[in-house]
Amino acid sequence: MFRAKIGSFRKAVSKYAQLTFISAPHKVHSEESSGEEDGRSWWFNAEDNTFSGKCLGGPAIGFEDTLDLIKTVVKEHGPFDGFMGFSQGACLVGLLAAMQQKGYLTYSFKFAIFASGFRSGSLVHKGFYDEEINLPSLHVYGESDSIIPKEMSESLINLFTKPIVAEHSGGHYVACSGSIKDAYLDFLHDRYQDLVDQPEADNNKQS
């Protein structure tokens, strides 16, 4: 579903990025859903197996399943240079970045891209946000996003030591036009340059 929604983004970044899409492990059953494929969730933060980004203090039902899934995908299809997520997916990427900072992951990644990201309000995640995250990051959000308001995205942004921020005037979607498109390309160009420069730096150390 996400792949289909970000065609313009995929086209824009194809010069730099080969994308792998991961489906969240938990099905969301909605009476309003009339499509062939149900929505999916990385975890639920209410006992009735629903999720709301604005929910504070709830559980994180199924989060361990998600961590296991990511670990398996990285093992089978990785390693990956970076992770990108939208909405709850961006919240997940923020948690992975925080876990990596603490040394909790068995794999590693070098950068993160967030679209409409926010901090998880689940109680079990609270401890992940107690230190700054030293990871190159790009944060994109909509000024008129009513699902994940600007203040929620800013709360996540403030965790990173040197975040790059791109705001658009729209709502809850992955924007990819004008200055936002340029922000993606500039960020990925810099990350590509980092990857090219790193082997040279390592060789200089050895010599």
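Here is a friendly talk about how the parts of this predicted model get their descriptions.

Reply: Residues are numbered from 1 along each chain as its sequence is written, and side-chain values use heavy atoms, with hydrogens and water left out. In this predicted model, local features need pLDDT of at least 70 and side-chain atom pairs count only at pLDDT 80 or more, while totals for chains, interfaces and linings use all residues.

Me: Why is Phe63 called buried?

Reply: Buried means under 20% relative accessible area, exposed means over 50%, and partly exposed lies in between (1.4 Å probe, protein chains only). Phe63 has a relative accessible area of 6%, so Phe63 counts as buried.

Me: What is Phe63 in contact with, leaving aside its neighbours within four places in sequence?

Reply: Contact means heavy atoms within 4.5 Å. With those neighbours left aside, Phe63 touches Trp42, Trp43, Leu92, Leu95 and His125. Phe63 and His125 are 62 residues apart along the chain, and their C-alpha atoms are separated by 10.0 Å.

Me: Which helix holds Phe63, and what span is expected for that helix?

Reply: Phe63 is found in helix α3. Helices (H or I, at least four residues) and strands (E, at least two) are DSSP runs, numbered from the N terminus. The expected span of a helix is 1.5 Å times one less than its number of residues. Helix α3 (residues 63-77) has 15 residues and reaches 21 Å from its first C-alpha to its last, close to the 21 Å expected.

Me: How do you know that the buried residues of α3 line one face?

Reply: Those buried residues are Phe63, Thr66, Leu67, Ile70, Val73 and Val74. The arc is that of the directions from the helix axis to the C-beta atoms. Seen down the axis of α3, the buried residues fall within an arc of 130°, so they line one face of the helix. The face turned away from that buried side carries the exposed residues Glu64, Lys75 and Glu76. The buried residues of α3 pack against β1 (26-28), β3 and α4.

Me: What makes β3 and β6 the edge strands of their sheet?

Reply: Two strands pair if DSSP finds at least two bridges between them. The open sheet has 4 strands in the order β3-β4-β5-β6, with parallel pairing. Its edge strands, β3 (82-86) and β6 (163-168), each pair on one side only. β3 and β4 pair in the parallel sense over 5 bridges, and Phe86 has Ala115 in β4 as its bridge partner. Strand β5 (residues 137-142) pairs with β6 over 6 bridges, also in the parallel sense.

Me: How do you know that β4 is mostly covered?

Reply: In β4, 5 of its 5 residues are buried. Phe111, Ile113 and Ala115 point one way, Ala112 and Phe114 point the other way, and all are buried.

Me: What makes a set of residues a nonpolar core?

Reply: A nonpolar core is a set of buried Ala, Val, Leu, Ile, Met, Phe, Trp, Tyr and Cys residues joined through side-chain atoms within 4.5 Å. The largest one here has 35 residues, and those with the most contacts inside it are Trp43, Ile70, Phe83, Leu96, Phe109 and Phe160. Two or more residues of this core come from each of α3, α4, β4 and α5. The largest share, 9 residues, comes from α4. Apart from this core lies another, of 18 residues, among them Val13, Phe111, Cys176 and Ala183.
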